[in-house]
Amino acid sequence: LNPYTDKDDPLDKQSIFDIWAKTVDGRLINIEMQLFNRYDMEKRTLYYWSKRYSSQLQTGGKYTELKKCITINILNYSVLPNEHTHSVFHLREDGSGAKLTDDIEIHFLELPKLNTTAVPGEEGLVNWLLFLKGNDNSNWEVLRMNEPALRKAMETLEFLSQDSEARRKYEDRQKFLHDEASQRDGAQREGFAKGMEEGMKEGMKEAKLEIARKLLQMGLDLPAIQTATGLTEDELKSMN
């Protein structure tokens, strides 16, 4: 449903790529690929699923006209607290496992959880994930043989890699993504360092307050305690 996904500007939503599709029987599919963790993925997934599902119903439409919506998240990072590369979610009753409706189906494909020993095989999903992960193209010939549809994707990728303009766009995107990753890492480091500094200051203040309490118990007056600890008058008065 959105065939034109080319992005000339490397600043234009580079780390997220969406495909909206409809099957011949009317089911709606949203495929989202993410290189970096944008956080709150679970809630974002439900939000976008609900928007897609509800947008089907026109004014005066019937609920029976609503078609199944499937969301497929292909992530270059881990988000779920399990070891499964492929996790699938439906809406079921807690006790019996009975499905309330088949209209919601959510897939999480987490590339980092793909077993390092995974090899091309008869199962199509593993073949595609190995291709998407892109760390090792030495097994491409085997992948071509096992997965005819994957052959077309590889040939397209190889064709684009020979096109100078496509290559330029790819290199621009790679530079942008590397810069974005570096900025994110730098921000995290800065936040950690700032947190450490604030934590040390808070800890020193607590230590001074503890010393002040003991000096107060020993009978020293507040001016003398203030001189000894460096605490302000208001800080000394705030002691419990």
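**Entry 1: helix pair.** I began with how axes are set: they are lines fitted to C-alpha atoms, for helices over the stretch in contact, and angles run from 0 to 180 degrees between N-to-C directions. The model is predicted, so I noted that local features need pLDDT of at least 70 and side-chain atom pairs count only at pLDDT 80 or more, while totals for chains, interfaces and linings use all residues. Residues are numbered from 1 along each chain as its sequence is written, and side-chain values use heavy atoms, with hydrogens and water left out.

I looked up helix α2 (residues 124-133) and helix α4 (residues 148-162), whose axes come within 11 Å and cross at roughly 10 degrees. α2 and α4 are therefore roughly parallel to each other, a label for angles under 35 degrees. In contact (heavy atoms within 4.5 Å), I found Asn127, Trp128 and Phe131 of α2 meeting Ala149, Leu150, Ala153, Met154 and Leu157 of α4. The residues of this contact divide into seven nonpolar, one polar and no charged.

**Entry 2: cavity.** Next I looked up cavities, each a set of points on a 1 Å grid over the protein atoms alone where a 1.4 Å probe fits but cannot get out, with lining residues having an atom within 4 Å of a point. I found one cavity of 30 Å³ or more, and the volume of the largest cavity is about 40 Å³, taken as the space filled by probe spheres set on the points.

Which residues line the largest cavity? I listed Asn30, Glu32, Met41, Arg44, Thr45, Tyr48, Thr71 and Asn73. α1 gives the most to this lining, with four residues, while β2 (28-34), α1 (41-54) and β3 (69-75) each supply at least two. By class, I noted two nonpolar, four polar and two charged residues in the lining.

Methods. On a 1 Å grid over the protein atoms alone, a cavity is a set of points where a 1.4 Å probe fits but cannot get out, and a pocket is an open set with protein on both sides within 12 Å along at least five of seven lines; lining residues have an atom within 4 Å of a point. Ala, Val, Leu, Ile, Met, Phe, Trp, Tyr, Cys and Pro count as nonpolar, Asp, Glu, Lys and Arg as charged, and the others, Gly among them, as polar. Angles under 35 degrees count as roughly parallel, over 145 as roughly antiparallel, 65 to 115 as roughly perpendicular and the rest as oblique.
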